[in-house]
Structures are given as C-alpha cells and as structure tokens.
Amino acid sequence: EAREMWEIALGMLVEESGEGDPVVTTVLVNIAVLLREQGKYKESQKKFERALEIEMKKLGENDPVVARNLNHIGDLLTLQSKHKEAMKRYKRALKIQLEKLGEQHHETATTFLRMGSVLKAQRKFERAEATFQNCLAIRQKILPPDHPDLAESYSALAVTFQCQQKVAEAIKMRKMSLASILKHRGEGHPSLVREYCSIGALLRDRGRLDEAETMLDKALEIGTAEHETCDVVMGGYTASAYENIAMVYLEQGRL
C-alpha cells in the first residue's frame, strides 16, 4: 500500500514539476528502500539508479548526495553478495566524500565501514582490518567517547581480529564495544547479548573458563529476559551462549 501511494505521488510530481524536483529523488529512494526490504532487489536497484541519474544531471557527478546514493546501491549489491560491484560503488562514493566532505566526516567514516565489511566478506582480512581502522580513527576524532557508532566500529574490528586468530586484540575490541553500549544504552539492552557471548566464547578458547562463565551468564541473563524488541540475531547469540557455557562446564569437569 505504501509503495502504491508513493508511485502515485511520483507520477504526479514528475508530471507537474519534472524530474528536477528534489522531492522526486526522495520518493524514488523511499520506494527503492521499501522494495529492498521486500527482497525485490532488481526493482529496488532500478529505482536507486534512476534517482542517481537524476541527481548526477542536476548536481554533477561529485556531489555528496550522489555519494549517498552510490552507497545505497552498494548496500543493495552487498545484500546480494555482489561484492566486486558493491566495492566499485563504495570507492566512487569515498572519492567524492574525501574531495567534498574531507576525511574527518561521519559519512566518510561510514563508507570506510561499508568497504571493510565487503573486504571481510571476501576474506581479505588484513585489508578489512586497515579499512575498519580508518573508520574508527575518524569516529574517535569526531564523536564523543560513548557514541554508539564507536561500538559498531569496535565490534567490526573484533570480528576481523578473530578471523585472523588475533584473540587478545579481539577481546580488547569486544570489551570496548561492551563498555560503549553499557554507557549509552544501559545494563539490559539486547545488543549486549552479542558482546557478552562473543567475549565469553573468546575467553573460553583461551582457557580462561571462570571469566568466560561470568560473561556467558550475563549473556543468558539478558538474552532470556523479556524485551520489547527481540530479533533472530539476538536469539542466535543466546543459543550460542548456551552452547558455550555447556562447553565451559564440560571443560571444568562439571558433568
């Protein structure tokens, strides 16, 4: 129903004001996002590409608005595991942002994060680590120390370290992410399940069983509580916490 209303609005806007009306691209992007959420990726990309074409004609090829739309398309391609195509969009977006917004800008940082995620998915872990570090360095300069975007960067780096068997570094990043979430969102927030579970699993791998048990107990305490919002990801980490704490008990001889 929402799409139908937007399509009607789009047709009326184009007829009355032409494609140059800034609201046209806004409506196109809204429709594209809706289609993406419905899993209609080809239709979604057509809308994003149309919005991009209009923006480039109106604003030129090096406007930050163009970079945002390139990132939208990159995200859509990433969802389909079309990593090479996604990276092309992200690189174009980053070039524009570095030129027009500068390195110390939150949109530039977010594009580095997107690129790091693609590199991680391609198992190019060293390059992913360096790219995530670029994102984190910018965010640490421009954001307050308890900003949730920092937790996102710490968590991304933790996964990359873990993939490279850099367990100590992964634990450090997870703990930094945990501290940031605790400060910003409080003790019982569902996102803490991921951090407590991940730290617990890493500690178990290092044989630090008592510390691991403490972390995993925390994950289960939050994961099994009732929350207004609960998603599949949190449920997966809760299940993982049960699995890891069972292994801790086994390794402690608590049969």
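A surface patch here is built from residues with over 30% relative accessible area and no salt bridge, with like charges joined within 9 Å. Keep in mind that the model is a predicted one. Now for some exercises.

**Exercise 1. The charged patch**

Find which residues gather in a patch of positive charge on the surface, and work out which helix gives the most to the patch.

*Solution.* 
- Step 1: Start with the members. They are Lys-84, Lys-88, Lys-91, Lys-124 and Arg-127.
- Step 2: Look for the main contributor. That's helix α5, residues 83-100, which supplies three residues.
- Step 3: Zoom in on one member, Lys-91, which sits in helix α5. Its relative accessible area is 46%. Buried needs under 20% and exposed needs over 50%, so Lys-91 comes out as partly exposed.

**Exercise 2. Two loop residues with positive phi**

Locate Ser-81 and Arg-123, and give the phi angle of Ser-81 and of Arg-123.

*Solution.* 
- Step 1: Take Ser-81. You'll find it in the loop that runs between α4 (64-79) and α5. Its phi is positive, about 60 degrees, even though Ser-81 isn't a glycine.
- Step 2: Move on to Arg-123, in the loop between α6 (106-121) and α7 (125-142). Arg-123 isn't a glycine either, yet it has a positive phi of about 65 degrees.
- Step 3: Check the accessibility of Arg-123. The value is 62%, so Arg-123 counts as exposed.

**Exercise 3. Ser-177 and its surroundings**

Decide whether Ser-177 is buried or exposed, and list what it touches beyond its neighbours within four places in sequence.

*Solution.* 
- Step 1: Ser-177 belongs to helix α9, which covers residues 167-185.
- Step 2: Read off the accessibility. Ser-177 has 0% relative accessibility, so it counts as buried.
- Step 3: Collect the contacts. With neighbours within four places in sequence set aside, Ser-177 meets Ala-151, Tyr-154, Ser-155, Arg-194 and Glu-195.

**Exercise 4. A glycine in helix α10**

Describe where Gly-200 is found, how accessible it is and which residues it touches.

*Solution.* 
- Step 1: Gly-200 is part of helix α10, residues 192-205.
- Step 2: Its relative accessibility is 0%, so Gly-200 is classed as buried.
- Step 3: Skip residues up to four places away in sequence, and Gly-200 touches Ala-212, Met-215 and Leu-216.
- Step 4: Finish with a distance. Gly-200 and Ile-171 are 29 residues apart along the chain, and 9.1 Å separates their C-alpha atoms.

Note on methods. Residues numbered from 1 in each chain as written. Predicted model: local features only at pLDDT ≥ 70, side-chain atom pairs only at ≥ 80, totals over all residues. Heavy atoms only, no water. Helix = DSSP H or I, 4+ residues; strand = E, 2+ residues; numbered from the N terminus. Buried < 20%, exposed > 50% of the residue type's maximum accessible area, 1.4 Å probe, protein only. Contact = heavy atoms within 4.5 Å. Patch = residues over 30% accessible without salt bridge, like charges linked within 9 Å, V, L, I, M, F, W, Y side chains within 5 Å. Areas by Shrake-Rupley, 256 points an atom, 1.4 Å probe, with all protein chains shown as cover. Salt bridge = Lys/Arg side-chain N within 4 Å of Asp/Glu carboxyl O. Lys, Arg positive; Asp, Glu negative; His and termini not counted. Charge placed at Lys NZ, Arg CZ, Asp CG, Glu CD.
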